[in-house]
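I opened this notebook to record what I looked up in the structure, entry by entry.

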Amino acid sequence: MTNRYSRHIILSEIGQAGQDKLSRAKVLVVGAGGLGCPVLQYVAAAGIGTLGIIDFDVVDISNLQRQVLFGTSSLGKNKALAAKIRLEDLNPEISIIAYAEKLTYQNALELFNNYDIIVDGSDNFETRYLVNDACIITNKPLVFGAIYKFEGQVSVFNYQNGPSYRCLFPNPPQKDTVPNCSEIGVLGVLPGIIGSMQANEVLKIILGIGNVLSGKLFCYNALTSQTSNLKISKSEEQFENVLKEKHHFNERQLEIDCEFQSDDISIEDVLDFKNIQFIDVREAHEQPKVKGLEIINIPLNQLGNNLEKIDLSKEKMIFCQSGIRSKHAVSLLRNSGISKCYSIKEGASNIIEFLKEKQVPNDR
Amino acid sequence: MIITIKYFGLIAEVTSQEEETIDFSGNTIADIINFLNSKYPDLKNKDFQVAQNQELISEKTKITGQEIALLPPFSGG
C-alpha cells in the first residue's frame with residue numbers, strides 16, 4: 001500500500017520511524033519570501049507536523065518571479081496567510097500556523113520557545129541578528145540562508161554546541177554599506193536553490209542522518225557553479241555577550257531599516273506635512289480629490305515616463321484609492337533608484353477624513 | 001609567495017573580478033588587507049571576513065596558505 005510518504009518510508013535511512021520524527025517536529029520559518037517559499041514547500045510536503053510562518057509583508061507582483069508559493073490570486077494578501085492557504089492544499093495532514101506580524105524583540109523568544117528548529121529566510125541584517133540572538137537565548141538550532149544577486153550562503157548555527165552567526169560576522173555591517181532586500185536584483189532561481197538546501201538541513205537535523213552543515217559556511221555562485229565550504233570557528237565570547245544581555249532582550253527595539261521602507265505607512269504617522277511630496281497615482285478622473293496638501297498627480301502607468309517630476313530632495317508619500325497601486329509605485333520608483341518613497345496604506349477617502357479631523361488648512 | 005585571492009558578492013564588484021593571483025611578501029592577513037585596501041580604495045568601507053585555505057580566520061593570523069577568500073555578509077532573502 002502506498003501513502004503520501006511512501007517514498008520516504010522505503011528509504012532505509014528514514015523508514016516509518018524517521019517519518020514519525022518528521023511528523024512530531026515543529027519548525028518555524030521566519031519570512032515567507034524568496035527563501036521561505038521553497039523551505040516551506042519542501043518541509044510541508046515532507047510532513048513536518050507543525051509548521052509556523054511569520055511574515056508581516058504582503059505579496060507584490062514583483063515577488064512572483066521567485067516566490068513560488070504565490071500566484072496572481074495572492075497579490076495584496078499577507079504572505080504568511082497566503083502561504084498557509086497554498087500549503088494546506090499541498091499537505092492537509094499537518095498543522096500550519098501563520099503569524100501575520102513582524103518578528104520583534106518583544107515576540108521572538110516566546111515564539112521560538114514553541115518550535116524545535118528556526119529557519120531564517122529574512123531579508124535584512126537587523127532581523128538576521130535578532131533571529132540569531134533569540135536562537136542563542138532559547139537554545140534552538142538556526143538554519144541560515146542568505147542571498148546576493150547570483151550568490152548564496154547556507155549554514156546551520158547554534159547546533160549541538162556549534163558556532164553562531166555572530167561567530168562568522170560578529171556585528172551587523174554599517175548602514176548603507178551592503179544593499180538590502182528590495183534595492184537589488186536577484187536571479188529568481190537562486191533562492192530556490194538556497195532555500196531547498198535549507199529545507200534539506202532541516203530534514204537532516206530532525207532525522208539525525210548525514211552531516212549537518214554546522215561549523216561550515218556553504219557558498220554557492222549560480223553563474224560559475226562554484227561552491228566553497230568554509231570552516232567557521234566557535235567564539236564563546238559571542239555567545240556570552242548575547243546571554244549576558246538576555247534579560248534586556250525584550251527591551252530592545254528594531255531600528256527603522258529596509259523593512260520599514262518596504263512597509264506601508266499610515267497617514268497618521270506622517271508628522272511633517274511640509275517637506276513631503278505627495279503623489280496621487282490614480283487616474284486623473286478618479287474621485288474624491290484630496291485637497292489641502294501639495295500633491296502631484298501621475299497615474300501609475302505613466303509614472304515611469306515622468307520621473308523628472310519627482311522631487312528627490314523630499315520624502316515621497318504615494319497614495320491611490322486603496323493602497324495597492326501606491327505600493328507598486330514605490331517599488332517602481334525604488335527600482336529606478338529613487339529613495340525615500342513610502343506607500344500610504346489608506347486610500348484617498350480615508351486620507352481626506354484624516355485631514356479633516358486634523359484640521360490641516362484647506363487653503364490650496 | 002604566490003597567493004590566489006577569491007572575492008565574493010559585493011567585494012567582487014569592488015575589485016571587478018572574482019579571483020586574482022598575486023605575488024605577496026607580507027606576514028599576516030592584516031598586511032594583505034592593507035595591500036588590497038590601497039589597490040582597491042573602495043574596499044575600505046566594506047564589511048567582510050577573511051578565509052585562508054577554506055577556514056575563516058582573524059586578521060592577526062599569519063599567511064600560510066595559497067588561497068585567501070574575502071567574504072562579505074549577505075542579507076537578501
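I began with a helix pair in chain A, where A:Asp133, A:Ile136 and A:Ile137 of helix 6 meet A:Phe239, A:Val242 and A:Leu243 of helix 9; contact here means heavy atoms within 4.5 Å, and helices (H or I, at least four residues) and strands (E, at least two) are DSSP runs, numbered from the N terminus. By class, I noted 5 nonpolar, no polar and 1 charged residues in this contact, with Ala, Val, Leu, Ile, Met, Phe, Trp, Tyr, Cys and Pro counted as nonpolar, Asp, Glu, Lys and Arg as charged, and the others, Gly among them, as polar.

Before going on, I wrote down that this is a predicted model, in which local features need pLDDT of at least 70 and side-chain atom pairs count only at pLDDT 80 or more, while totals for chains, interfaces and linings use all residues. Residues are numbered from 1 along each chain as its sequence is written, chains are lettered from A and ligands numbered from 1 in the order in which they are written, and side-chain values use heavy atoms, with hydrogens and water left out.

Next I looked up the packing geometry: helix 6 (residues 125–138) and helix 9 (residues 236–244) of chain A pack at an angle of about 85°, with their axes 9 Å apart, the axes being lines fitted to C-alpha atoms over the stretch in contact and the angles running from 0 to 180 degrees between N-to-C directions. Helix 6 of chain A is therefore roughly perpendicular to helix 9 of chain A, a label that covers 65 to 115 degrees.

Of its 47 residues, A:Val27, A:Leu40, A:Leu51 and A:Leu87 touch the most other members, and helix 8 (residues 189–207) of chain A gives the most, with 8 residues. A second, separate core of 43 residues includes A:Ile136 and B:Leu10.

For the backbone, I kept in mind that most residues other than glycine have a negative phi, and most peptide bonds are trans. A:Asn158 has a positive phi near 60° and is buried at 9% relative accessible area, whereas B:Ser16, with a positive phi of about 60°, is exposed at 64%; buried means under 20% and exposed over 50% (1.4 Å probe, protein chains only), with partly exposed in between. The peptide bond from A:Gln287 to A:Pro288 is cis, with omega near -5°.

Key. A nonpolar core is a set of buried Ala, Val, Leu, Ile, Met, Phe, Trp, Tyr and Cys residues joined through side-chain atoms within 4.5 Å. Angles under 35 degrees count as roughly parallel, over 145 as roughly antiparallel, 65 to 115 as roughly perpendicular and the rest as oblique.
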